[in-house]
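I opened my notebook for a quick look at this one. Here is what I looked up, in the order I went.

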Amino acid sequence: MPDSRKTFTDAEALDFHRLPTPGKISILPTKPMATQRDLSLAYSPGVAVPVKAIAENPDLAYDYTSKGNLVAVISNGTAILGLGNLGAMASKPVMEGKSVLFKRFADVDSIDIEVTTQDVEEFITTVRNIGPTFGGINLEDIKSPECFIIESRLRDELDIPVFHDDQHGTAIIAAAGLLNACELTGRRLSDIKVVVNGAGAAGLSCIALIKQLGVPHENVIALDREGVIYRGREKGMDQFKSVHAIDTKARTLDDAIKGADVFMGLSVAGAMTQDMVRAMAKKPIIFAMANPDPEITPEEVHAARKDAIVATGRSDYPNQVNNVLGFPYIFRGALDVRARTINEEMKVAAARALAELAKQDVPDEVAAAYHGKRLKFGPDYIIPSPFDPRLISEIPPYVAQAAMDSGVARKPIADIQAYKHSLAQRLDPTAAMIQRVQTVVRRTPRCIVFAEGEEPAVIRAAFAFQELGLGRSVLVGREDTVRDNMAQVGVPESANLNIVNARLSHNNEIYADHLYKRLQRFGFLQRDVQRLVNQDRNVFGACMVAAGHADGMVTGVTRNYATVLDDVLKVIDPARGERVMGMSIVLMKGRTLFISDTAVAEFPEPQELAQIVLQSAAMARQFGAIPRVALLSHSTFGNPKMERSEKIRDAVSILDRREDIDFEYEGEMNVDVALNANIKDLYPFSRLSEAANVLVMPALHSSSIATSLLATAGGATVIGPVLTGLAKPIQIAPLGGTVSDIVTYATVAAFQAAEAVEAKA
Ligand SMILES: NC(=O)C1=CN([C@@H]2O[C@H](COP(=O)(O)OP(=O)(O)OC[C@H]3O[C@@H](n4cnc5c(N)ncnc54)[C@H](OP(=O)(O)O)[C@@H]3O)[C@@H](O)[C@H]2O)C=CC1
Ligand SMILES: CC(=O)C(=O)O
Ligand SMILES: [Mg+2]
């Protein structure tokens, strides 16, 4: 079945996994390993001290090793998503994916382990023997009924949480969705008739949890490949299915679905038909949760019934009922109290907390995940989105509290409110920032010119930009070449990308006139500017933006920064009262820094530095930060006395004389004083209330060296230099930039254009 929703090609999925480094995870040290002394402490002989301590008291492994924040994702590949038994090795991409989601959503360190056995005893022995290494074990994609035996035995034999995600993770999310869908359709759990297709790991666990929440045993019909699981059936039965067998005349899904209120699919793609949907009760609730393709698509359901509430396991439809909403947060809460297990109380607490969260007002970041659409509790929003940044603070405290109340916490949390507040800081700021930018862009989609439109990477970026709902893309280039390259990189003809050939454009004359007016007194003849418009794609693209035929431009992949900037400045002036400058956004764990000027002014004078401070603060604000600006130097508040520091001191004095500054700034100071709260205590008169987040550098070489160093040696993500101070949004991507670099810069250009529109409104 061709998947019309897919926004990537198979080749892109493979490249994503292969490049730049194979796989999705790596391991980082948390201690310095630089000196002989470090080595003596970390390894022999220093390591002997914690070894002896743990030998005496194994619980100390939580204090002296990474155990307490480490979860193993373990599979044997016997039920990979809905793809079936494809073996341990084939399951590795999914398991790495789960590991990366643990980290991304809940800052849980996680490693995937694929066990190459389908023998239950062998699998149990393997996991039992390696179990104590971890703070918890997440079993994944192990087929039923073996998964039930494996999980139950390991839960008994290990004193850490062992959680089969496909069973309980899925059940928790499905139960949360069901609670809300019932509320929306005026149903009580005690009255509903439920059909569950798929009586495996996920299906049977969903049935158990919804029964625990109040759905009567007789009201649930379960089906497997053999049809209805009725009392007395013999074929294909086992003790786990038998528990849910009921007295019924129904034998097939067609029989069972008649008049049902709820359908839960945990089986395979295409198992449900439109006729079955039509046969259900009023306002049917349909959770088609098979992955990667559901039992029935939302389009098919809605074509058959307008009154249905539909959920799937996929991220590209509303109502994603997927265990990604559960396992990161459930383990976060469990690990933080060093829980011995994840029990029923903790699961119910998670389900109820998730259901409640969907009813609260939705923040912008969530809207971003839904292409800028505002969400409100209702049929298309019964469950929070996986990108909801509130999940990390809202779900784990309930899980932790339930663990404490039910007596399975080794280390109770004394102040649960303080714990709740600490959780948000675990999120990587990169994702939050990108989401904030995308929210604004999607709310006001803009048209962006990709000046180097014949380049394969640029074509792919333009396609991705449009597919991500960030705006319209215009490629500048010769149509034949662009189309040939589109075919080569697998961008379909139907992609609807606008291609403009500079030489053939009917606006050519307008652009040449515009340029001639600007350049005639700078040695350019009419024919010179005509040649520029025809031949220089940066000039042509910038002319499109200047004339209002596009909202912004991205370029820079094929030419050096200075040349590109020079081309652009031929066409576009600085904004009134501003200077053209570059700001780099540096994202490191727990910290976002804005560094400027990283692009233009080589040795800024005091007046220029003051202007850089003003623009940097404004831009940091645009990106969602409360600016605290440090004007950096080699010296701190006059020590040591240096000639170059005088300029910085003068810039501070200029700022001091202004009366319109509504943000914190201070200088001159060295970077350690700006960023290190302890050193800051030596200067109690400093006007920075906390560590600085905007660093204004004394010169271009220092800003450029600092940002490159952070990126290469410090592992930071650096976005930029983001160009600012031009009258129109133009962004210059790095020479040889990747597809994702180009998309990022195009998004920033679109963000600046959208902000300008919003500021005018
Ligand atoms: N959205 C989510 O978060 C999650 C979704 N899932 C999805 O649920 C599905 C099942 O996963 P899981 O429980 O782990 O796998 P299992 O292998 O444990 O169970 C699969 C079940 O589906 C049944 N089945 C297979 N084909 C059909 C069919 N045509 N009609 C009715 N029943 C059928 C099997 O029947 P039999 O017993 O006769 O073999 C079995 O009971 C997968 O598609 C998976 O992607 C799973 C976990 C989470
Ligand atoms: C989501 C998931 O775990 C599955 O489909 O198996
Ligand atoms: Mg799974």
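For residue classes, I count Ala, Val, Leu, Ile, Met, Phe, Trp, Tyr, Cys and Pro as nonpolar, Asp, Glu, Lys and Arg as charged, and the others, Gly among them, as polar. Sorted that way, the shell around ligand 1 holds 12 nonpolar, 13 polar and five charged residues.

A note on the source: this is a predicted model, where local features need pLDDT of at least 70, side-chain atom pairs count only at pLDDT 80 or more, and totals for chains, interfaces and linings use all residues. Residues are numbered from 1 along each chain as its sequence is written, while chains are lettered from A and ligands numbered from 1 in the order in which they are written.

**The ligand shell.** I found 30 residues around ligand 1, with G82, G200, D224, R225 and G313 the closest; a residue is near if its C-beta atom, placed from the backbone, lies within 6 Å. Two or more shell residues come from each of α8 (165–184), α9 (201–212) and β6 (220–224). I noted α9 as the top contributor, with three. Helices (H or I, at least four residues) and strands (E, at least two) are DSSP runs, numbered from the N terminus.

I placed K98 in helix α5 (residues 92–106). Is K98 buried or exposed? K98 is buried, because 25 other C-beta atoms lie within 10 Å (buried means 20 or more, exposed 12 or fewer, partly exposed in between, with C-beta atoms placed from the backbone).
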